Amino acid sequence: MLFNSKKKLQRAVKLLHLKIPREYFVIKSTKKSWRLVCRRVEQGCRFRLTSFNDKHTNMWKVGRYIKEHTCDMGTCRDAHFNLDVEMIANVLHVDIEKTSRFPIKDCQTTVLKAYDISISRRKAYLGRKRAFEKVYGTWEGSFAELPRFIEALKHFNLGTIVEWKTERRVDVIEDVFNYMFWTFKPCIDGFVFCRLVISIDGTHVYGEYDIKLLIAIATAQYYLCHLQ
Ligand SMILES: [Zn+2]
């Protein structure tokens with residue numbers, strides 16, 4: 001058996017073991033080789049897999065391979081050892097693309113449907129976090145993009161004013177980023193024509209209604225109170 005990358009080989013072995021279901025343990029993993037044994041080797045299971053990278057073709061070859069597991073996992077479909085965060089993220093990817101606030105309970109259901117294996121809330125949380133990073137990038141990556149984005153915003157919208165809100169903390173040497181505010185020039189110019197607003201507030205609505213509820217209370221002519 002040949003695979004054009006170690007990642008593809010690992011994925012194939014993982015999928016097979018989730019399907020059967022049996023668990024394996026990695027005893028060696030380098031740039032040149034990947035070796036596995038059964039996780040229940042103490043039961044006398046002889047499953048073995050040795051694979052290596054062929055330096056001439058750069059392909060991954062399966063060498064010594066005893067594919068039959070003689071161990072017994074029972075009918076247990078909970079917490080498969082080889083169902084890692086990456087595999088969970090792969091199936092949650094589509095749902096996270098549709099909504100970044102995909103509930104943990106739904107993550108667990110999606111994984112159960114895909115692999116027929118139950119996962120803990122913690123594993124579902126970590127899988128969702130990883131899927132989120134795959135779709136939207138990491139928090140650190142997004143923050144690193146921010147200065148460039150803001151400069152472009154200012155360049156193409158002359159008169160834009162930006163304020164960074166940071167915080168000093170005793171345990172951190174550098175300032176910690178909290179918020180960023182910006183306003184465009186037309187908003188600044190138009191502000192003088194706005195009616196007086198007493199209060200604007202918004203809240204996230206959870207559950208069935210996946211929206212943000214914005215409430216504005218303002219006084220207008222004749223001192224009427226408007227609630228929107
Ligand atoms: Zn086994």
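These legends walk through a few close-up views of the model.

The model is predicted: local features need pLDDT of at least 70 and side-chain atom pairs pLDDT 80 or more, while totals for chains, interfaces and linings use all residues. Residues are numbered from 1 along each chain as its sequence is written.

**View 1. Helices α2 and α4 cross.** Here the axes of α2 (residues 85-98) and α4 (residues 121-136) come within 7 Å and cross at roughly 60°. Helices are DSSP runs of H or I, at least four residues, numbered from the N terminus. Axes are lines fitted to C-alpha atoms over the stretch in contact, with angles from 0 to 180 degrees between N-to-C directions.

**View 2. The residues where α2 meets α4.** Among those making the contact are I88, A89 and L92 of α2, along with L126, A131 and F132 of α4. Contact means C-beta atoms, placed from the backbone, within 7 Å.

**View 3. The largest nonpolar core.** Of its 13 residues, L83, I88, L92, V111, I119 and A131 touch the most other members. A nonpolar core is a set of buried Ala, Val, Leu, Ile, Met, Phe, Trp, Tyr and Cys residues joined through C-beta atoms within 7 Å; buried means 20 or more other C-beta atoms within 10 Å of a residue's own. Helix α2 gives the most to this core, with 5 residues.

**View 4. Around L83.** Leaving out residues up to four places away in sequence, L83 touches L18, I88, Y115, I117 and I119. Another core lies apart, with 5 residues, including Y24, L36, C38 and L49.

Technical notes. Helices (H or I, at least four residues) and strands (E, at least two) are DSSP runs, numbered from the N terminus. Two residues are in contact if their C-beta atoms, placed from the backbone, lie within 7 Å. A residue is buried if 20 or more other C-beta atoms lie within 10 Å of its own, exposed if 12 or fewer, and partly exposed in between; C-beta atoms are placed from the backbone.
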